Number of protein chains: 4
Amino acid sequence: MSVEDPMYYWDYLGLDEVLDSQRLASASDRRAPAHDEMLFIITHQAFELWFKQILWELDAAIDLLGRDPIPDEDIAAVLRHLERIVAIQPLLVEQFSVLSTMTPLDFLDFRDELIPASGFQSVQFRLIENRLGLAPKKRLKIGGAAYTSRLSREHAERLEASESEPTLIGLLDAWLARTPFLRFGRFDFWEAYRDAVQAMIERDRHLIATNPSLDAAVRQQQLDAFETSNEAFTVLFDRDAWEELRAQGKRRLSHEAFLAALLISLYRDQPAFHQPFRVLTALIDLDEGFTAFRNAHAQLVHRTIGGRIGTGGTSGHEYLQAAARKHQVFSDLFDLATFHLPRKELPGLPDDVRTQLTFRYSSPDD
Amino acid sequence: MSVEDPMYYWDYLGLDEVLDSQRLASASDRRAPAHDEMLFIITHQAFELWFKQILWELDAAIDLLGRDPIPDEDIAAVLRHLERIVAIQPLLVEQFSVLSTMTPLDFLDFRDELIPASGFQSVQFRLIENRLGLAPKKRLKIGGAAYTSRLSREHAERLEASESEPTLIGLLDAWLARTPFLRFGRFDFWEAYRDAVQAMIERDRHLIATNPSLDAAVRQQQLDAFETSNEAFTVLFDRDAWEELRAQGKRRLSHEAFLAALLISLYRDQPAFHQPFRVLTALIDLDEGFTAFRNAHAQLVHRTIGGRIGTGGTSGHEYLQAAARKHQVFSDLFDLATFHLPRKELPGLPDDVRTQLTFRYSSPDD
Amino acid sequence: MSVEDPMYYWDYLGLDEVLDSQRLASASDRRAPAHDEMLFIITHQAFELWFKQILWELDAAIDLLGRDPIPDEDIAAVLRHLERIVAIQPLLVEQFSVLSTMTPLDFLDFRDELIPASGFQSVQFRLIENRLGLAPKKRLKIGGAAYTSRLSREHAERLEASESEPTLIGLLDAWLARTPFLRFGRFDFWEAYRDAVQAMIERDRHLIATNPSLDAAVRQQQLDAFETSNEAFTVLFDRDAWEELRAQGKRRLSHEAFLAALLISLYRDQPAFHQPFRVLTALIDLDEGFTAFRNAHAQLVHRTIGGRIGTGGTSGHEYLQAAARKHQVFSDLFDLATFHLPRKELPGLPDDVRTQLTFRYSSPDD
Amino acid sequence: MSVEDPMYYWDYLGLDEVLDSQRLASASDRRAPAHDEMLFIITHQAFELWFKQILWELDAAIDLLGRDPIPDEDIAAVLRHLERIVAIQPLLVEQFSVLSTMTPLDFLDFRDELIPASGFQSVQFRLIENRLGLAPKKRLKIGGAAYTSRLSREHAERLEASESEPTLIGLLDAWLARTPFLRFGRFDFWEAYRDAVQAMIERDRHLIATNPSLDAAVRQQQLDAFETSNEAFTVLFDRDAWEELRAQGKRRLSHEAFLAALLISLYRDQPAFHQPFRVLTALIDLDEGFTAFRNAHAQLVHRTIGGRIGTGGTSGHEYLQAAARKHQVFSDLFDLATFHLPRKELPGLPDDVRTQLTFRYSSPDD
């Protein structure tokens, strides 16, 4: 800053541009603007500001996660970036509550002016999805067309380019897969774990089979469902079967990365796993946050335009509701819980393994 | 209160009972209790306390709505009851955030002790659903069994009895259907509205047909979708077709009640409609609140038990996610927006009709 | 919209300007920008966007409240404007939570670049305060200087001009004061109310005097405090004493307006008072919302810069904490509760008075 | 669980007791209960349930922090306990929003029945304050009486006993004070830090002195304020002066503990400081959460009873507002920011010191 030009709040924040950028389409001809169009524009601008911030954090996290090896300081920074996104997400949901004070009639006062513009054209949100690692082929089609079909050429190209850039889930996978802890020298962890799983399954099967509050038919149904759910373990122990599911898009993480994540979540109390466990938790929170955002969006659209076709020509709330389920990127991490065992049944770690997971403050005498 | 026994905070609130009712199942044998079971119990107790409060408000609202005629003071009271429920709902969602600080491993420390108890056994929540008017036949089956199948005989009977008691949607329907405003003397509102709809549809069709950002194939798809969505209007103008949909469970409100609700939402600016419009809005908010609750529950279950069978023997988060969509009771009110017209295209009310919808403060000289 | 230039989401929202307006001061020389400056700028821009929206609603409310008489439709609209501000306020508080993910060290990475810019230079927030009706003489001094002293001439003039423009509290006062309900023909409401107050005071005094859980000294203290608090009633019944307090800045509403507000809040169940009561409630919520905002701001400043002098040269969190209490505009409305009586002790309204407060739907036969 | 008695949701949660414990005082004679008393009771019961949970977490944290040395696993657990309390706090604030749907008139329908019971009699909340370490002498007097004066003998004794039990701040102090990192072998950290501080102060003084947007009088005021704020540094470097302030109750942490906390917050990027830094942050969040709770309580009391004397005989909202500021326990941690330096001015750590703060995964070959 130069002495001639002291920093001034208004200028620093670019408020001339920011506060002058609300151009109400309903005011374009000779009538007074629709009062609620201001809310509509400002809410969407606030969404886009926060999307920019989310991308800023995602890009920083991706940049750090792309290094090899990743120093512990950097994992701490990655965690800060992810947790900040998680802190931002409730704002996004809350903004829909604010927007819902605009009733359908209020929206109709200016809705026709917006056609064919649509929230589906939010380049930044699509970019967030790509950065997270939403696979192009997993995207719900919007009326059969590519998700870039209604964008300007420049924006479509930006998104298409991002499809081949590093993704959060991709780098997470690589980082997990190369963890040194997957192989504990002579201790065969996975064999011990498998035995423990077997014991648990048998105990659970017995609990259902003898549940006195179930009649015979319901019990049989539950037993069938139980056996189906056990198939998950079979796949967990079979790398090829896992990778087959992955090829079908039913899993996103590689077999090795998933095992590493499972190990971290089972032994999160070991000092070496504290931060990695927080990273996994932040990713679950983050996925949940986007799901809550999409669900809130679906409700808002339903109450505002009913069953109508949206300004973007799509069926609105049903698409959004479906996306809330289908566009989750880190559902593998939610599924970790499927493979957890009670602590008391977990194979104990041999001392030499525990030592590897502990850290020792070195002392000047070392 | 007697002088001998001054009111004391602890006793007034029954804290001996409330704070002594956390019996940790994991502590039943000789080991220390699982730390997180306290959170699990207290969170569920807090849910049940709020469910009791919600029922208290629902019962009061139902009692008032069951009168005929309903004085304006009572509609004000109904509104207060509904808006209080809406104020409580974010608490319920937030409580799941608190519960999500319990990780899968922490849950496994006591989960086996709970079998076969399950949140599906929350009698109060089922009662709330029945009071709202969730139709028994619209309930998702839980493993093929009746929703009362796993309850004590007393609880099952209480729920079954409630199925034939007055419901919020039933009384709302009756109240709306008998509104005197549906027939405006000589002014044929619905004919004028129909003409306006016709004009709007033609204009919208033109907008899609000439949307320059769509290529031919996409345009055709959108036009097809648009025509499908117009069928809604055909049904709106055809009482028999409407009641046919209703018989199929696709509509809940009677034709007359829906038209009354539409009228209220279109002319909410008329003084006589202020309060009724707020009632409709509160019901939409309330439905949305329970949807958010079920979605948050689904996410919590997913992250805590993964794809596993829940302690209640059901597949957990998928059931809850489906219920979030299927158990909405007031979706007709969301759909009102489908039939809205821009204010400038709404048929103007003749003066004698407006007078009916305005109120005049009477004066002593009257 | 012309056919050549279909509406495009990005352009409609002015995203070129909005998303290009983050100029990181820390990046101005040859080093990488401080990562968290982006969050700092975007959060403040989001604040300013919402401030603009709040002003948009305030201006609309003020415009409608400035009419005489105000049709019921317009009171409904005023209410919508106020309730929307109340819906926006939790966002503002939440945004401080997001900003608190920036630690003191992160802030120091760019704080020096901002000097002497300061949040105290938010023209829009000062304008909101003026629109609400914060009296210039009630403003806390910032280091002894006028609140406009650090603004550009243009901004200072805009604020100074606003001091003489209509305010929300001023128009509220006028609207309340001219309510026809203050004088109920032959029924002397205030005399009946005064008798009821007298009875309540005597009963309460007895309750304290005989409270068995108090020892003599504490009882005397409470009795003294009780008598002090009763002085409020003396003033309520004495117009001159009231206006004297008002001249001292201890009351904002005129005697007549306060009595009207009291009447509305005591008899809110009367149909004619439903909407006015909601307006009063919305104003209490709105005041509370700004208090929560200032408290959250104070906490944020304390944890981010500690006891240091802020970039604006003020002592930061202590100023903000004090403003949270002193800058409340509608505290008279909070104080209404001081003068409430239990419903069962309220003077009953004579039938001819009730009729005045009820409304009758006129019918074509009238 | 025995086969004869399968776990049942209702029984497990003690719902017979919990849902049967709402005894409406307004229903004690022959009239219908005041509708809103149910909300009043249930909200307070929910508060007390969450207070129990908070105590459960505090006790667990205190138990772990009381060990010496504290293994890293245990610090991770302490952190989980604290962060869970932080997750609970927004619920408490939100519950006041729900309670604020009860208007003053609604409260008066049953308020007299409650006298002399009062929220000041919440034993659990007082216990929480004691567990945190609120010094008895720092407590605001309630009408001149001890905070236990209005409690049953049993409750008063429980609280008095707790005053001499270990507190969170006490154990935090001990843990921080014995950190080995305060003395870095040959590297005199504090001397280097002091030099950096000196440089920063001189630079800041220059910034104010040459701030072109200030006129002479304001500049002088700011310079005076600046010099006052620099006195904080003098005390920081003077153990005796610090302990003198502490004896006066102006500081809570010992000199050594404060320096350790400062070190951790300045070098939080070092792996060994990740968890300790999170602990400090959680404590700031926790203090802020209780402040928000007290502020929300003050607002609720103000709008519900106005300026009246509360049922407990105190002046209500003013007490609560004052307590929000005075009862903060960890304000020393907020003040850490006062002593931060920009990263680029922080003394660099010599390599052998960095090594001490890093951890090395040991390998089987070690």
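At what angle do H4(C) and helix H14 of chain C pack, and how far apart are their axes? In this predicted model, H4(C) and helix H14 (residues 274–305) of chain C pack at an angle of about 15°, with axes that lie 9 Å apart.

**Helix packing in chain C**

- Because angles under 35 degrees count as roughly parallel, H4(C) is described as roughly parallel to H14(C).
- The crossing in which H4(C) passes H14(C) is left-handed, and the contact of H4(C) with H14(C) has 19 nonpolar, 4 polar and 3 charged residues.

**Contact between chains D and B**

- Chain D brings 53 residues to this contact, while chain B brings 52 residues.
- On the side of chain D that touches chain B, the elements giving two or more residues are helix H1 (9–12), helix H2 (15–18), helix H3 (37–65), helix H4 (72–99) and helix H6 (111–114) of chain D, and H3(D) gives the most, with 13 residues.
- Sorted by class, that side of chain D consists of 30 nonpolar, 15 polar and 8 charged residues.

**Contact between chains C and A**

- Here chain C supplies 52 residues and chain A supplies 53 residues.
- At least two residues of the side of chain C that touches chain A come from each of helix H1 (9–12), helix H2 (15–18), helix H3 (37–65), helix H4 (72–99) and helix H6 (111–114) of chain C, and the largest share, 13 residues, comes from H3(C).
- The residues on this side of chain C comprise 30 nonpolar, 14 polar and 8 charged.

**Tyr147(A) and its surroundings**

- Tyr147(A) sits in the loop between helix H7 (123–132) and helix H8 (153–163) of chain A.
- Tyr147(A) counts as partly exposed because it has 19 C-beta neighbours inside 10 Å, whereas a residue is buried if 20 or more lie within that distance.
- Along the chain Tyr147(A) and Gln356(A) are 209 residues apart, and their C-alpha atoms are separated by 47 Å.

How values were computed: Residues numbered from 1 in each chain as written. Chains lettered and ligands numbered in written order. Predicted model: local features only at pLDDT ≥ 70, side-chain atom pairs only at ≥ 80, totals over all residues. Helix = DSSP H or I, 4+ residues; strand = E, 2+ residues; numbered from the N terminus. Buried ≥ 20, exposed ≤ 12 C-beta atoms within 10 Å, placed from the backbone. Contact = placed C-beta atoms within 7 Å. Nonpolar A, V, L, I, M, F, W, Y, C, P; charged D, E, K, R; others polar. Axes fitted to C-alpha atoms, helices over the stretch in contact; angles between N-to-C directions. Parallel < 35°, antiparallel > 145°, perpendicular 65-115°, else oblique. Left-handed = near helix turned anticlockwise from the far one by under 90°.
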